[in-house]
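Have the viewer open and follow along.

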Amino acid sequence: MMLQKREVEGSGFRYPIELHEDLSGLREKLESLKKVSRFFIITNREIAGIYEKYLIQEIQSLSVPYTIIYAKPGEKNKHIDRLKKVFHEMVKSDADRKAVIVAFGGGVIGDFAGFVAASYQRGIRFVQVPTTLLACVDSSVGGKVAVNLDLGKNMIGAFHQPEFVFAPMFTLSTLPEKEWSCGLAEIVKHAFLDGGEFLNRLTHVKRSDFSAGSEVLRYCIDESVRIKSNVVGQDEKEGGLRAILNLGHTTGHAIESLTQYKKYSHGEAVSIGLITALLLSRKILGFSDSNLSKAVQIMKSLSLPVRLKEKPADVLTHMEHDKKKEGKTLNFVLLEDFGKPKFGVPVERDLILEVLKFQKGWEELG
Ligand code: ADP
Ligand code: ZN
């Protein structure tokens, strides 16, 4: 059953993001695509181990043939070296330009399968079936697809919008805790960028309100998709505005790379980075103390990490290596107020260090 739906619309693209209870209805959605020669479902064995039977139940009676391709799980396998094998499998199955890729998994699968679709024979259609909260609220919205090089994450990529996104809520029932944090951090980020009623609602929720299919979860996914698709609709290719979605990510990425992607999930690192961004916002743009307390309270009640544990100087070094640096000063997305983001704000190294030190020792963070 379809629970809710949002359209993402920009110049030259428009597609629905649908929240469904389970996978029933996916077959009809796939059948509605015109002139498909074959579906290539890209997933991994972890996800397939739990959900493949439901998926097959749904697609076995499709009038179009399908092939399931298993990618290896994990961010390190979202690698350029893994593409060739998939392309070869597709060629061997006679995939032509009417083939359609179905990404069945989290953000890693979505990015990887999306890139396969963007590049196979210069681009074929694809569909996203996200199975993690992060993929539902963030990575499946907006058409950024990519693979990693040894020398950097998401270095090789494209903008390639899906035909539709079909999010089956029941898959979230098996989502590991760390993965919930991942999605929740991006939800909070969207609420900070929006600043409206959504943010107020978040001050009244707690982590335990989030479970597969709960009303709070559905509301937060809906609002997140609304906010992100609104931004992406105005600026698909990050000419400007889309950069605001990087709120918290300059520090977040630095913490992830500093800890070799082992200690924190992406969302946990971004949570800490969101607080850094707000502390900088207080120093530079007059973001208020009461807003800062509100943000900390929301993040704590969602059990998201807020305190910096790493050495400030090390975090700064890793920030300076980030691909987003321009010249010598680092640029940040900051907030004047909730709902009033500014991107490309240059910040001096000394101020970054001062704020990181503060975030390491600040008592209010508990
Ligand atoms: P993200 O969406 O945060 O980028 P990934 O795609 O890396 O996450 O998925 C994180 C891990 O969780 C992977 O090991 C993946 O196989 C697994 N996973 C994805 N969806 C589910 C699910 N619904 N239930 C259980 N595990 C899942
Ligand atoms: Zn992110």
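What follows goes from the record annotations to the metal site, then the other ligand, and then some individual residues.

## The model and its annotations

First off, this is a predicted model. UniProt, in an unreviewed entry, puts the feature "domain: 3-dehydroquinate synthase N-terminal" at residues 70-180. In the model, that stretch is 31% helix and 29% strand, and its end C-alpha atoms sit 24 Å apart.

The unreviewed entry in UniProt also has a "transmembrane region" at residues 99-120.

## The zinc site

Which residues coordinate the zinc ion (ligand 2)? The donors are Glu186, through OE, plus His249 and His266, each through NE2. Their distances to the metal run from 1.9 to 2.1 Å. Along the sequence, the spacing of these donor residues reads E-x62-H-x16-H.

Glu186 belongs to helix α6 (residues 177-194) and His266 to helix α10 (residues 266-285), so this pair ties together parts of the chain that are 80 residues apart in sequence. As for burial, both Glu186 and His266 are buried.

## Around ligand 1

The shell around ligand 1 has 16 residues. The closest are Glu46, Gly107, Thr132, Thr174 and Glu179. Sorted by type, the shell splits into 7 nonpolar, 7 polar and 2 charged residues. Helices α2 (45-59) and α4 (107-119) each give at least two residues to this shell, and α2 has the largest share, with 4 residues.

A polar side-chain atom of Glu46 comes 2.5 Å from an oxygen atom of ligand 1. Gly107 uses its backbone instead: one of its N or O atoms there lies 2.6 Å from a ligand 1 oxygen. With Glu179 we're back to a side chain, where an N or O atom is 2.7 Å from an oxygen atom of ligand 1. How much of ligand 1 does the protein cover? The figure is 86% of the 570 Å² of accessible area that ligand 1 has on its own.

## A buried glutamate in a loop

Now to Glu310, in the loop between α11 (289-301) and α12 (312-321). Is Glu310 buried or exposed? Its relative accessibility is 8%, and the cut-off for buried is under 20%, so Glu310 counts as buried.

The Glu310 side chain has polar partners. One is the side chain of Lys263, in a polar contact of 2.8 Å. Another is the side chain of Tyr264, at 3.0 Å.

## Positive phi without glycine

Asn154 has a phi near 55°, which is positive even though the residue isn't glycine. Asn154 is in strand β8 (residues 152-159). With a relative accessible area of 31%, Asn154 is partly exposed.

Glu238 isn't a glycine either, yet its phi is positive, at about 55°. Look for Glu238 in the loop between α8 (215-234) and α9 (249-258). At 26% relative accessibility, Glu238 is classed as partly exposed.

## Two pairs across the sequence

Val141 sits in the loop between α5 (133-139) and β7 (144-149). Where does that leave Val141, buried or exposed? Val141 is buried, as its relative accessible area is 1%. Val141 and Tyr15 are 126 residues apart along the chain, and their C-alpha atoms are separated by 10.0 Å.

For another pair, take Gln297, which lies in helix α11. Gln297 has 35% relative accessibility, so it counts as partly exposed. Between Gln297 and Val108 there are 30 Å from C-alpha to C-alpha, and the two residues are 189 residues apart along the chain.

Note on methods:
Residues numbered from 1 in each chain as written. Chains lettered and ligands numbered in written order. Predicted model: local features only at pLDDT ≥ 70, side-chain atom pairs only at ≥ 80, totals over all residues. Heavy atoms only, no water. UniProt positions renumbered as here; feature names shortened; annotations may be inferred. Donors = N, O, S within 2.8 Å, 3.2 Å for Na, K, Ca; no water. Buried < 20%, exposed > 50% of the residue type's maximum accessible area, 1.4 Å probe, protein only. Near = heavy atom within 4 Å. Polar contact = N/O pair within 3.5 Å; in protein donor to acceptor, adjacent residues only side chain to side chain. Areas by Shrake-Rupley, 256 points an atom, 1.4 Å probe, with all protein chains shown as cover. Nonpolar A, V, L, I, M, F, W, Y, C, P; charged D, E, K, R; others polar.
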